[in-house]
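The notes follow the order in which I looked things up.

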Amino acid sequence: MPTPMRMVWGSAIAYWLAGIINPAFIAIAVMIALFIPILIADPFFPSQPED
């Protein structure tokens with residue numbers, strides 16, 4: 001599982017690529033940035049093990 005800092009860098013790089021390659025990378029950067037709170041909260045609320 002990627003760390004939140006790796007997701008921040010991935011989002012920043014996708015935003016940077018939007019200016020160079022394709023403006024659609026802005027949507028990818030936003031989706032990556034919105035996923036960061038899930039990664040931060042996941043260790044605090046573990047799921048129940050399947051029996």
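For the entries below, I take a contact to mean heavy atoms within 4.5 Å. I note that the model is predicted.

Entry 1, Leu17. I located Leu17 in helix α1. Leaving aside residues up to four places away in sequence, I found that Leu17 touches Asn22 and Phe25.

I looked up how α1 packs with helix α2, which covers residues 25-41. The angle is about 170°, and the axes are 8 Å apart. Because angles over 145 degrees count as roughly antiparallel, I recorded α1 and α2 as roughly antiparallel to each other. On the α1 side, the residues making the contact include Pro4, Met7, Gly10, Ala14 and Leu17. On the α2 side, they include Phe25, Ile28, Ile32, Phe35 and Leu39.

I asked which residues form the nonpolar patch on the surface. They are Met5, Val8, Trp9, Ile13, Trp16, Ile20 and Ile21, and together they have about 790 Å² of accessible area. Val8 of α1 also belongs to the contact with α2. I placed Trp16 in helix α1, residues 4-20. Trp16 counts as exposed because its relative accessibility is 54%, and the cut-off for exposed is over 50%.

Conventions: Residues are numbered from 1 along each chain as its sequence is written. This is a predicted model: local features need pLDDT of at least 70, side-chain atom pairs count only at pLDDT 80 or more; totals for chains, interfaces and linings use all residues. Side-chain values use heavy atoms; hydrogens and water are left out. Patches are made of residues with over 30% relative accessible area and no salt bridge: like charges are joined within 9 Å, nonpolar side chains (Val, Leu, Ile, Met, Phe, Trp, Tyr) within 5 Å. Accessible areas come from the Shrake-Rupley method with a 1.4 Å probe; for residues, only the protein chains shown count as cover. A salt bridge is a side-chain nitrogen of Lys or Arg within 4 Å of a carboxyl oxygen of Asp or Glu. Helices (H or I, at least four residues) and strands (E, at least two) are DSSP runs, numbered from the N terminus. Buried means under 20% relative accessible area, exposed over 50%, partly exposed in between (1.4 Å probe, protein chains only). Axes are lines fitted to C-alpha atoms, for helices over the stretch in contact, and angles run from 0 to 180 degrees between N-to-C directions. Angles under 35 degrees count as roughly parallel, over 145 as roughly antiparallel, 65 to 115 as roughly perpendicular and the rest as oblique.
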